[in-house]
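User: I have a structure here that I'd like to walk through with you. Could you start with one of the helices and then move on to whatever sits around it?

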Amino acid sequence: MIGSVWNRWDLHIHTPASFQHDFKLGESLSEEEYSQRLWDEYIDTLESELDVPAVGITDYFSIEGYKKVLEYRQNDRLKNFELILPNIEFRTDIVITKEGEKTESPNFHLIFSDDIPPEQIEKNFLERLSITLPNNEKRPLCRASLEELGQMLKQHEASFRKHSDYFVGCMNTKVNVGEIEKVLSEAESIFGGKYLKVLDPEGFNGKDWKSQAHNP
């Protein structure tokens, strides 16, 4: 009879699709070749992890990286993993305080079951969330909207212009946690019991529980 079995899972692995990542190549290639080589090396690195049976493929505001990983998986790659889950990381409008001063909020993660098709997550969750443009117009949360936001912000802030529209849009986007909860509840038949919510603990390291931070 087998007793308890412990596994080491890594549910926070960013991909080259994230607007902010550390994956780089030292080669001079065309944009298309660079992207393909970068992804191939990323997949090679994942396949070298032989003692981690489950991973969460993470991107900010999207599951683009997760979809790319599934393409490799369907082409007989990444067989070293028993489970691959989509993890969406959000910058949120939660504010915590330290000694009466506002500080950055912790990021919020949603890890979905692999039973849910990616198109369902995009159509019935992500695109039902909204972001706000500088003119206070609302847009659905998707790459085109983030690029539109970035383009508008670059017109008014010179320091942003060295970055892509997408990067600037993601850097300046925050999602309302209450809206996330509302969208999930309104699609209970799709998502009910098939997601895990995680609040990044890093944002709480300097929290002053004797201040207003006790009830943010």
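Analyst: This is a predicted model, and in helix α6, which spans residues 177–186, the residues Val177, Glu179, Ile180, Val183 and Leu184 are buried. Seen down the axis of α6, these buried residues fall within an arc of 160°, so they line one face of the helix.

User: And what do the buried residues of α6 pack against?

Analyst: They pack against β3, β6 (108–112), α3 (118–124), β7 (130–132), α7 (188–191) and β9 (195–199).

User: Which residue caps the N-terminal end of α6?

Analyst: Asparagine 176 does, with a side-chain oxygen that lies 2.9 Å from the backbone nitrogen of glycine 178.

User: Switching to phenylalanine 90, is that one buried or exposed?

Analyst: Phenylalanine 90, which belongs to strand β3 (residues 83–90), is buried, because its relative accessible area is 0% and the cut-off for buried is under 20%.

User: What is phenylalanine 90 in contact with, leaving aside neighbours within four places in sequence?

Analyst: Its contacts are Phe61, Asn107, Phe108, Leu110, Phe125, Leu126, Leu129, Leu141, Val175 and Ile180; of these, Ile180 is one of the buried residues of α6.

User: OK, new topic: where is serine 113?

Analyst: Serine 113 is in the loop between β6 and α3, and it is buried, with a relative accessible area of 16%.

User: What does the side chain of serine 113 reach?

Analyst: It reaches the backbone nitrogen of aspartate 115 at 3.0 Å, and, not counting residues up to four places away in sequence, serine 113 touches Leu85, Pro86 and Lys194.

Technical notes. Residues are numbered from 1 along each chain as its sequence is written. This is a predicted model: local features need pLDDT of at least 70, side-chain atom pairs count only at pLDDT 80 or more; totals for chains, interfaces and linings use all residues. Side-chain values use heavy atoms; hydrogens and water are left out. Helices (H or I, at least four residues) and strands (E, at least two) are DSSP runs, numbered from the N terminus. Buried means under 20% relative accessible area, exposed over 50%, partly exposed in between (1.4 Å probe, protein chains only). Contact means heavy atoms within 4.5 Å. The arc is that of the directions from the helix axis to the C-beta atoms. A polar contact is a pair of N or O atoms within 3.5 Å; within protein, one must be able to donate a hydrogen and the other to accept it, and residues adjacent in sequence count only if both atoms are side-chain atoms.
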